Amino acid sequence: MIMYKLSILMLIASISGVFSLVASAESSNTFNRMLKPQAPANLPPAEDGIHDPESPGTHMLQPPKEAFSGLVKAKWGNKVDWVKSIHAKKIAPRHNASDATSKPIIMNLDIIREVRGSMPDVVFPHDRHTLLLACSNCHTGIFIPQKGANQMSMAAIMLGESCGKCHGAVAFPVATSTCKLCHAKPKAKGSVLKRSVMSKP
Amino acid sequence: MVIKQQILGLGVILVALFTMVMPMKAYAEYGDIVMNNYADAAEMRPAVFPHWFHRIRFNCSVCHADLGFKFGAGKNEITMAKIIEGEFCGACHNGEIAWSIENCDVCHSGIAGMPTQVKGDPLRVSNIATPK
């Protein structure tokens, strides 16, 4: 009888031992250590963490999902491709607060900025910006209107300067799915990457 | 009695540790602006401005060029006195272009105590709100 009890005890002990081993392996060697699960997107105002669910006003606001359902989808920002949604006539934002017929004057001028390293060159498209913005929004507060006159880098963009004044706040942010929207012009064929290591003194 | 207090104390420490480790849960819509330069001090909830809702209806230039909104959360130092004079939000929320300002709660719907900030890309350094 005692042996029987003992063996049951040992069985329980060994099972729990195995469990604790598995558990400890799990806690230090999770498959994804740094990858965060996708944050939920387009939550209704009462659940978005900035609107007070106690406020009656919160429940009068439109849930983003309802507004976005007919728009062109994207992976970034609001999960909406705003440029495509305008071009596909899903939305028609007014160019004047009270006059719905006023239209922006679109300027077709691409500025190509050569990029250090392997990434494709950056194409700054005036057409898609003048569709939404006035010249004075950028010139001369953010950019001197002269090709090559402005210092630009990814570091500055991530600090909220240069293109990062808008991109990262309201316009699409820097993300794996958006690199190619800016880095749109493949490097000329045969252009070789410069190595910083000297082959011979 | 002493043990009870110790357990309570431990509980408080654990909760505090847990909330420190837990990331801030905020899934606000990209581009939402929280404005709280003056609201908290006046015991009003902070105002929340949804870019996504307005950009469906207006180009950026309407606000940022025609109406003179500067780029930068809190930089325009908006007050109710300016709004009722027809500046900033008051240029449209006047009962003609959009509903008028007696609907206090629709703008003042933010959670009290939140600092002025833009809910943009969390990796953009300037988006990390610093309470004043």
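Me: Which residues make the nonpolar surface patch of about 280 Å²?

Reply: This is a predicted model in which local features need pLDDT of at least 70 and side-chain atom pairs count only at pLDDT 80 or more, while totals for chains, interfaces and linings use all residues. Residues are numbered from 1 along each chain as its sequence is written, chains are lettered from A and ligands numbered from 1 in written order, and side-chain values use heavy atoms, without hydrogens and water. Patch residues have over 30% relative accessible area (Shrake-Rupley, 1.4 Å probe, only the protein chains shown as cover) and no salt bridge, with like charges joined within 9 Å and nonpolar side chains (Val, Leu, Ile, Met, Phe, Trp, Tyr) within 5 Å. The patch of about 280 Å² is made by A:L159, B:V125 and B:I128.

Me: What is the relative accessible area of A:L159?

Reply: A:L159 is found in the loop between helix 6 (154-158) and helix 7 (179-182) of chain A; helices (H or I, at least four residues) and strands (E, at least two) are DSSP runs numbered from the N terminus. Buried means under 20%, exposed over 50%, and partly exposed in between. A:L159 counts as partly exposed because its relative accessible area is 46%.

Me: With which side chain does the side chain of B:E29 make a polar contact?

Reply: Residues touched by B:E29 (heavy atoms within 4.5 Å) include A:L43, A:F68 and B:W52, leaving aside those up to four places away in sequence. The polar contact of the B:E29 side chain, at 2.8 Å, is with the side chain of A:N42.

Me: What is the phi of A:K79?

Reply: Most residues other than glycine have a negative phi. A:K79 is found in the loop between helix 2 (64-68) and helix 3 (82-87) of chain A, and it is partly exposed at 28% relative accessibility. A:K79 is not a glycine, yet its phi is positive, at about 65 degrees.

Me: Is A:H126 buried or exposed?

Reply: A:H126 lies in helix 4 (residues 126-130) of chain A. Its contacts beyond four places in sequence include A:M107, A:D110 and A:H139. Because its relative accessible area is 10%, A:H126 is buried.

How values were computed: A salt bridge is a side-chain nitrogen of Lys or Arg within 4 Å of a carboxyl oxygen of Asp or Glu. Buried means under 20% relative accessible area, exposed over 50%, partly exposed in between (1.4 Å probe, protein chains only). A polar contact is a pair of N or O atoms within 3.5 Å; within protein, one must be able to donate a hydrogen and the other to accept it, and residues adjacent in sequence count only if both atoms are side-chain atoms.
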